[in-house]
Amino acid sequence: MTATLETLQPLEAFDALEQQALLTLKASAKQAFVTGAGGFLGKAICQRLIAAGIKVTGFARGDYPELSAMGVTMVKGDIADKACVLNAMQGCDLVFHVASKAGVWGSKQSYFSPNVDGAANIISACQQLNIDKLVYTSTPSVTFAGVDESGIDESAPYAETYLNYYGESKAIAEQMVIKANSSTLKTVSLRPHLIWGPQDPHLVPRVIERAKAGRLKLVGKEDKLVDTIYVGNAAYAHILAAVNLSSDSATAAGKAYFLSNDEPITMAAMLNKILACVDLPEVTKRVPSGVAYAAGVVLESAYGVLGKQDEPMMTRFVARQLSTSHYFDITAAKTDFGYSPIISIDQGMVKLREYLTS
């Protein structure tokens, strides 16, 4: 893959508020380290740092020539390899730890090795190399216990039990990052929810693929509100958090924050906006939430017995996610480090449509 116009954006291509934040960050950060640089959010963060003239070392498991072409110094490695991480972080003074194993299916080890051990390696390397700023990408799943989350804020506790290893491993890692905050290493944890936009390799293609196959269904009788976040807004929030950690006050240090587009929307409406981008009909089929959960129980059991590695069509976690509300009060992010979404859902959909039809 070669570099595209989407990857080679000058600073002027970004919103004025983003430009200001990036230039402020450039004054205090000489070289940033971005884990998961080849991922959806990681790449968006790299784009902005490079546009501002900040040196970037990207860390990823695969090869990403488009990032190298963009000016990122890429290091290929495993986040669970402590020596590899330590060596790659030499010379950096700011870390964006974005990498993690996401998804809803897999063994405990497959999640805990990259998500928990990986976070421990990043923290240890920061401490050994005297890197004083760490921005960690967490998830709202750390508080999700299978019930409605309607307008909750950061005072909500971690879930007592988790429906998958992803949420559990991320909760452990987030608490490690918070605990690591000190006078010599300022840390912040960000919880973006349902990131989407152009080049999305997860949510958008899955929705479109299932819709084309006639397998896209809504779960539950009632349409619940959910929060999402446009990828550009998520990247912008990470930049703002880094700027805050670089300041004398560092009001965000040692804390965790929910992030969203601040536009709660029903899952049906969100899915239909995505489908409209490729002129597909709206989703109308429904399955009762109890049936979906029961199917998740059966499929998880069967896949476990058979030792299947691919993700089941339905899991308990997905059934609960699709039938409950997930929207958040992001007042803290607005107050502590000045985050407000720059791109609205509808504006983002225009950009998504242009990308999907180009």
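**Figure 1. Strand β4 and its two parallel neighbours.** Strand β1 (residues 31-35) runs parallel to β4, and four bridges join them; two strands count as paired if DSSP finds at least two bridges between them. Strands here are DSSP runs of E with at least two residues, helices are runs of H or I with at least four residues, and both are numbered from the N terminus. This is a predicted model, in which local features need pLDDT of at least 70, side-chain atom pairs count only at pLDDT 80 or more, and totals for chains, interfaces and linings use all residues. Residues are numbered from 1 along each chain as its sequence is written, and side-chain values use heavy atoms, with hydrogens and water left out.

**Figure 2. The side chains of strand β4.** In a regular strand the side chains alternate between the two faces of the sheet. In strand β4 (residues 94-97), Leu94 and Phe96 point one way, while Val95 and His97 point the other way. All four of these residues are buried, where buried means under 20% relative accessible area, exposed means over 50%, and partly exposed is in between (1.4 Å probe, protein chains only).

**Figure 3. An aromatic pair, Trp196 and Tyr230.** Rings of Phe, Tyr and Trp (its six-membered ring) pair if their centres lie within 6.5 Å; planes under 30 degrees apart count as stacked, over 60 as edge-to-face and the rest as tilted. The count by this rule is six aromatic pairs. One of them is edge-to-face: Trp196 and Tyr230, at 5.3 Å centre to centre with 75° between the planes. Trp196 sits in strand β8 (residues 195-196) and Tyr230 in strand β11 (residues 229-230), so this pair links distant parts of the chain, 34 residues apart. Both Trp196 and Tyr230 are buried.

**Figure 4. A strand-to-helix aromatic pair, Tyr257 and Phe337.** What makes the pair of Tyr257 and Phe337 edge-to-face? The ring centres of Tyr257 and Phe337 are 5.0 Å apart and their planes are at 90°, so the pair falls in that class. Because Tyr257 lies in strand β12 (residues 255-259) and Phe337 in helix α12 (residues 331-337), the pair ties together parts that are 80 residues apart in sequence. Tyr257 counts as buried at 1% relative accessibility, and Phe337 is buried with a relative accessible area of 7%.

**Figure 5. Charges over rings.** A charge sits over a ring if NZ of Lys or CZ of Arg is within 6 Å of the ring centre and within 35 degrees of the ring normal. Lys108 has its charged end over the ring of Phe112, 5.1 Å from the centre. Arg191 lies over the face of Phe258, and here the distance to the ring centre is 4.8 Å.

Figure 6. With a disulfide taken as a pair of cysteine sulfur atoms within 2.5 Å, the structure holds zero disulfides. For Cys84, the nearest cysteine sulfur is that of Cys92, 13 Å away. Elsewhere, Cys277 is buried, with a relative accessible area of 3%.

**Figure 7. The loop at Ser182.** Ser182 lies in the loop between α6 (165-180) and β7 (186-192). Is Ser182 buried or partly exposed? With a relative accessible area of 31%, Ser182 is partly exposed. Ser182 and Ala253 are 71 residues apart in sequence, yet 8.5 Å apart in space, C-alpha to C-alpha.
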